[in-house]
Amino acid sequence: MIDEIRTLVTKSSNANEGRCLLREYLQARILETLQTNGAFETWAFVGGTALRFLYGLPRFSEDLDFSLVHAQAEARFLDHLKRIKAMLANEGLDVEIKARPEGMVQSAMVKCSRLLYEVGLSPLASEIISIKVEIDTNPPELAGLETSIVRRHRLLNLLHYDKSSLFAGKLHALLMRTYTKGRDVYDLLWYLSDRNWPEPNLAFLNNALQQTNWNGDIIQKATWRDEIATRLDFLDWPKVLADVQPFIEHPTELALLNKESLLKLLQT
């Protein structure tokens, strides 16, 4: 694995891109292990990393996010983490996993020390690269599901939310997140700029909003764009740009990441 990563990071234009490529490679190997261990019988891949692996979102992502296909499904979270740790250790990595398997959202940090140093991306052997793995074990109802075969570092067969439900999940994050996350806003720009992307799954969105104590009206086809436009007024735009900048493949796109561009897309 380490030799493969060294070859990969030599293609990067700078250390930051090299770190992003390394993390993405580890994400692919974790997804491969989950696939082999049967996770995608009950786990659906969601979030920004899913958009990148499945649809080529041109930004890197830090986390692996999943949702159970329904609340009665078995997560087997600790078992899957055990397999992930064994795979990475067998590849010669110094790996530690800190898990929080309690509650509706189960999460873990997969931490690899020495790896950045060994592939020439850090002068410090103690520096850690980490990936957060998180699964919602009490998902909102009415998400659409699909299975796709993709090739990104490994050949993967992934169960995931369909396009409408992924879009709805991002709108939910934008409406309910209590802090500014620029990656959400960039993803919105990316969604809206694709005229062929389907409308959001509003039944799923409303279920998610109800589950997280939304105090607004039911979101409808005629109103979701207005709700998002209103949310843009409350964003800290310097924080938006600062948050997403390290993860963007094409830095020139940052010039389009502003309220005016998004309002124009929302009106079309």
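Reply: Gladly! Please keep in mind that this is a predicted model. Let's begin with the largest pocket, which has a lining of 40 residues. Nearest its centre lie Asp 65, Glu 134, His 172, Ala 173 and Arg 177. Two or more lining residues come from each of these elements: helix H3 (47–55), strand S2 (63–68), strand S5 (128–136), helix H6 (163–176), helix H7 (182–192) and helix H8 (202–211).

Me: Which element gives the largest share of that lining?

Reply: That is H6, with seven residues.

Me: How much space lies in the largest pocket, and what classes of residue make up its lining?

Reply: The space comes to about 1,100 Å³. As for the classes, the lining has 15 nonpolar, 12 polar and 13 charged residues.

Me: What about the second largest pocket: how much space lies there, and which residues line it?

Reply: The second largest pocket holds about 200 Å³ of space. Among the residues lining it are Ser 13, Asn 14, Cys 20, Phe 60, Gln 245, Phe 247 and Pro 251. By class, its lining divides into six nonpolar, four polar and two charged residues.

Me: What volume does the largest cavity have, and which residues line it?

Reply: Its volume is about 50 Å³. The lining is made of Ala 173, Leu 174, Arg 177, Tyr 179, Thr 180, Lys 181, Asp 184, Val 185, Arg 231 and Leu 235. H6 and H7 each supply at least two of the lining residues. Sorted by class, the cavity lining has five nonpolar residues, one polar and four charged.

Me: Can we step back to the whole protein? How many helices and strands are there?

Reply: There are 11 helices and seven strands. The radius of gyration is 19 Å, close to the 18 Å that the globule rule gives for 268 residues, so the protein is as compact as a globular protein of that length. The C-alpha atoms fill a box of roughly 55 × 45 × 30 Å along the principal axes.

Me: What share of the residues is buried?

Reply: Of the 268 residues, 51% count as buried. Looking at contacts with a separation of 6 or more, 67% join residues 24 or more positions apart. The accessible surface comes to about 13,100 Å², and 48% of that belongs to carbon and sulfur atoms.

Me: How do I read burial for one residue? Is Leu 262 buried or exposed?

Reply: A residue counts as buried when its relative accessible area is under 20%. Leu 262 is at 0%, so it counts as buried. You will find Leu 262 in helix H11 (residues 259–266).

Me: Which residues does Leu 262 touch, not counting those up to four places away in sequence?

Reply: Leu 262 touches Val 185, Leu 188, Leu 189, Leu 192, Leu 232 and Trp 237. Take Leu 189 as an example: Leu 262 and Leu 189 are 73 residues apart in sequence, but their C-alpha atoms are 6.3 Å apart in space.

Me: Where is Leu 175 found, and is it buried or exposed?

Reply: Leu 175 is in helix H6. Its relative accessibility is 13%, so Leu 175 counts as buried. Leaving aside neighbours within four places in sequence, Leu 175 is in contact with Leu 209, Trp 214, Glu 227, Ile 228 and Arg 231.

Me: One last topic: how do I read the backbone angle phi?

Reply: Most residues other than glycine have a negative phi. Leu 142 has a positive phi of about 80° although it is not a glycine. This residue sits in the loop between S5 and strand S6 (145–152), and Leu 142 counts as exposed at 56% relative accessibility. Asn 213 also has a positive phi, near 65°. Asn 213 lies in the loop between H8 and helix H9 (224–232), and it is exposed, with a relative accessible area of 68%.

Terms used:
Residues are numbered from 1 along each chain as its sequence is written. This is a predicted model: local features need pLDDT of at least 70, side-chain atom pairs count only at pLDDT 80 or more; totals for chains, interfaces and linings use all residues. Side-chain values use heavy atoms; hydrogens and water are left out. On a 1 Å grid over the protein atoms alone, a cavity is a set of points where a 1.4 Å probe fits but cannot get out, and a pocket is an open set with protein on both sides within 12 Å along at least five of seven lines; lining residues have an atom within 4 Å of a point. Grid points are joined across faces, edges and corners, and a volume is the space filled by probe spheres set on the points. Helices (H or I, at least four residues) and strands (E, at least two) are DSSP runs, numbered from the N terminus. Ala, Val, Leu, Ile, Met, Phe, Trp, Tyr, Cys and Pro count as nonpolar, Asp, Glu, Lys and Arg as charged, and the others, Gly among them, as polar. The radius of gyration is taken over C-alpha atoms; the globule rule is 2.2 Å times the number of residues to the power 0.38. Buried means under 20% relative accessible area, exposed over 50%, partly exposed in between (1.4 Å probe, protein chains only). Contact means heavy atoms within 4.5 Å. Accessible areas come from the Shrake-Rupley method with a 1.4 Å probe; for residues, only the protein chains shown count as cover.
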